[in-house]
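This report describes the packing, sheet and ring geometry of one protein model. The sequence and structure are shown first, and the description follows.

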Amino acid sequence: MSIPNATTIPVPANSTPTPHTHKPLHSTVKFLTISGKLDEALQLIESHPITHRNLLTYETLLRACIAKKSLHHGQRLHAQLLRSRGRNGAHHNLLNNPALKSKLITLYSVCNRINLARLLFYDGGIETIPESVWVSMAIGYSRNGYSKDALSLYVDMLRFFRPGNFMFSVALKSCGELFSVGVGRGVHAQIVKSEEGPDQFVYNGLLKLYSECGYFEDVVRVFDEMPQRDIVSWNLLISGFAGRGQLFEAFDAFRRMQVEGVGFDGFTLTAALPVCARINALSGGKEIHAQMVKSVIRPNVFALNSLMDMYAKCGVVDYARRIFDGMGKRRDLRSWNTMLNGYAIARRMEEGLKLFDEMLGSGFSPNTFTFDALLSGCSHMGLTTEGETLFHRMRTEFGISPSVEHYACLVDILGRAGRLKEALGVVKNMNEKPSGRIWGLLLNSCHIYGDLHLAETISKVLFEIEPKYVENYVVLLNIYENAGLWESVTMVREMMEKHVKKEVGCSWIEIKNRFHTFVAGGDLELGSSEEYQKLWSAFKEAMRVVGCDNGPDYGVVLRDVNEEIKKAWICGHSERLAAMFGLIHTGSGIPLRITKNLRVCADCHSWMKTMSQVTGRVFILRETKHFHHFEKGSCSCKDYW
């Protein structure tokens with residue numbers, strides 16, 4: 001490997017020296033650098049001979065240059081040191097001093113002049129370079145995105161030194177950026193063998209390496225082995241769980257973090273609040289909000305947007321609006337979009353459309369996410385005219401090309417309104433290839449209006465592009481059942497058995513800071529308990545009295561299943577089990593918040609309305625995308641979902 005020649009480093013012309021001062025050089029230079037007078041400090045140094053006695057003075061100036069990223073002043077001092085070496089011989093080469101050399105390398109790297117840092121590093125050969133200078137050069141590479149060079153430098157250093165924690169941290173960061181888990185494991189082995197013992201930065205570097213490379217089992221193992229964990233450690237664990245879809249584990253990690261009194265930072269908020277939103281953990285979200293209020297650090301717009309999104313997705317859209325209103329002029333476009341989406345999922349589009357007008361009046365221009373929220377809200381509330389108008393304005397007034405998601409909303413809007421031919425025309429004239437979701441929405445509209453011929457045509461397309469998606473088979477099967485075509489029902493059943501495996505319905509409810517999960521047809525212990533049976537008998541009698549005991553709707557199950565199995569299937573749906581559990585374990589007047597991983601079926605929807613009437617309780621059910629607020633025998637969706 002050829003060593004670069006240090007004489008190629010640019011040497012600026014020396015300035016005219018000023019007369020010697022009578023004050024001690026170091027104290028004067030220190031005062032000038034603190035005052036930001038780098039020109040005067042440098043001129044004072046240049047007026048004195050370069051000598052080992054003034055090493056601390058040169059370091060003081062270089063620290064100020066690094067802090068202010070002043071390349072010019074640092075190069076002038078570097079030039080002084082080079083000229084002194086030429087005049088006085090190698091024994092006066094102050095550039096061999098580790099502190100000065102490290103600081104000059106750091107200055108060049110923070111000023112994005114990694115080429116100058118590299119030239120200085122190799123000046124004089126690498127055999128005599130102290131460890132601290134290796135570390136500075138490696139950090140410089142890493143700071144400027146030269147991960148391969150940093151890792152190569154680490155490997156070269158192994159010929160001369162046993163690396164310490166600083167070098168381990170740089171190597172781990174580089175391995176993570178290069179997704180080189182194999183080399184990272186080698187570094188990990190050297191860390192284990194090191195006599196120094198890993199510090200907090202090294203442990204966090206290991207967590208980040210394994211997390212970025214997708215080896216989360218190693219993240220958990222390292223985390224459990226750590227003698228101490230700081231906020232960074234917990235943040236990496238929480239975000240790792242969340243990234244893998246292990247939302248309850250992520251939420252549990254956040255709870256443990258708070259119990260241990262670690263506190264939180266901005267990254268904690270961005271990791272934990274979306275988890276609370278996705279699992280409908282309103283209590284956890286409120287805890288975070290309380291900590292934000294108590295904190296001396298004012299939350300930024302991003303944190304407030306995340307908090308607003310959490311409240312909206314937990315079905316408390318009025319809380320979200322309070323935060324939105326309190327932001328005032330700090331709102332950005334994401335703030336408006338988050339609030340609009342909150343109104344959409346809460347099925348409060350009258351307020352959403354009014355807010356959209358306010359947004360335009362405030363000078364904000366909508367983007368594609370704005371219309372995602374608006375059109376989705378219109379499609380789930382049957383606002384046909386409003387939805388069509390928005391779709392047209394999106395293209396003509398705001399110049400936004402519709403995405404597949406926008407087309408899906410328009411197809412759903414037209415299809416639900418019974419305008420199937422127009423919806424099919426939209427699909428055929430799309431600029432992009434229609435997705436399975438678009439065809440599925442059109443198929444669902446065929447089910448609503450009994451268009452058998454179009455349904456069969458669409459199903460052929462769907463079975464080609466989504467052969468394993470169960471919902472398509474179920475909708476077609478229901479269409480055939482309604483038409484009394486039993487041979488076709490049998491055919492679809494056979495296709496389902498061959499191609500798909502039905503996703504199990506799962507619901508959960510949070511009671512006293514604990515999540516309780518139920519699956520369809522599961523929890524036999526709950527169903528057979530004395531409390532359950534007693535409560536169920538009382539509710540059945542109450543439903544009979546109010547005239548609501550009309551029996552289950554079997555349209556959501558297969559017709560050739562016997563009556564007892566049908567009854568058990570419907571009555572054992574996971575959201576009903578969660579609701580019954582909540583009624584048993586909470587006091588009267590407390591709303592029951594239930595989350596389901598699938599869409600609620602028609603019979604469970606009717607059941608929830610009835611239960612809200614006979615119990616006087618409020619049931620808040622969140623399905624895949626939207627909320628149902630059941631109160632006094634009615635639902636917020638007005639039976640349109």
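## Basis of the description

Helices (H or I, at least four residues) and strands (E, at least two) are DSSP runs, numbered from the N terminus. The model is predicted: local features need pLDDT of at least 70, side-chain atom pairs count only at pLDDT 80 or more, and totals for chains, interfaces and linings use all residues. Residues are numbered from 1 along each chain as its sequence is written, and side-chain values use heavy atoms, with hydrogens and water left out.

## Loop residues with positive phi

Lys69 lies in the loop between helix H3 (55–68) and helix H4 (71–88). Although Lys69 is not a glycine, its phi is positive, near 50°. With a relative accessible area of 56%, Lys69 is exposed; the classes are buried under 20%, exposed over 50% and partly exposed in between (1.4 Å probe, protein chains only).

Phe179 is found in the loop between H9 and helix H10 (181–193). This residue, also not a glycine, has a positive phi of about 55°. Phe179 is exposed, its relative accessible area being 57%.

## Nonpolar cores

A nonpolar core is a set of buried Ala, Val, Leu, Ile, Met, Phe, Trp, Tyr and Cys residues joined through side-chain atoms within 4.5 Å. The largest core has 157 residues, of which Tyr58, Leu81, Phe121, Met310 and Leu442 touch the most other members. A second, separate core comprises 27 residues, including Leu583, Cys601, Cys604 and Leu621.

Contact means heavy atoms within 4.5 Å. Leaving aside residues up to four places away in sequence, Met310 touches Leu273, Cys276, Ala277, Leu282, Gly285 and Lys286.

Strands of a sheet pair through backbone hydrogen bonds, either parallel or antiparallel. Here two strands count as paired if DSSP finds at least two bridges between them. Six strands form an open, mixed sheet in the order S2-S1-S3-S4-S5-S6. Its edges are strand S2 (514–519) and strand S6 (634–635), each pairing on one side only.

Strand S5 (residues 627–631) pairs with S6 in the antiparallel sense over two bridges, and Phe630 stands opposite Cys635 in S6. Helix H32 (residues 574–585) packs on the sheet and touches strand S1 (506–511), S2, strand S3 (592–596) and strand S4 (619–622). The direction of H32 makes about 15° with that of S1; axes are lines fitted to C-alpha atoms, for helices over the stretch in contact, and angles run from 0 to 180 degrees between N-to-C directions.

## Aromatic pairs

Rings of Phe, Tyr and Trp (its six-membered ring) pair if their centres lie within 6.5 Å; planes under 30 degrees apart count as stacked, over 60 as edge-to-face and the rest as tilted. The whole structure holds 18 aromatic pairs. Phe121 and Trp134 form an edge-to-face pair, 5.3 Å centre to centre with 85° between the planes. Phe121 lies in helix H6 (residues 114–122) and Trp134 in helix H7 (residues 131–143), so their pair ties together parts 13 residues apart in sequence. Phe121 is buried at a relative accessible area of 0%, and Trp134 is buried, likewise at 0%.

The rings of Trp134 and Phe160 have centres 5.8 Å apart and planes at 40°, so this pair is tilted. Phe160, in the loop between helix H8 (147–157) and helix H9 (165–177), is 26 residues from Trp134. Phe160 is partly exposed at 30% relative accessibility. One aromatic cluster is formed by Phe121, Tyr122, Trp134 and Phe160.

## Charges over rings

A charge sits over a ring if NZ of Lys or CZ of Arg is within 6 Å of the ring centre and within 35 degrees of the ring normal. Arg322 lies over the face of Tyr319, 4.8 Å from the ring centre. The charged end of Arg331 sits over the ring of Phe324, at 4.2 Å from its centre.
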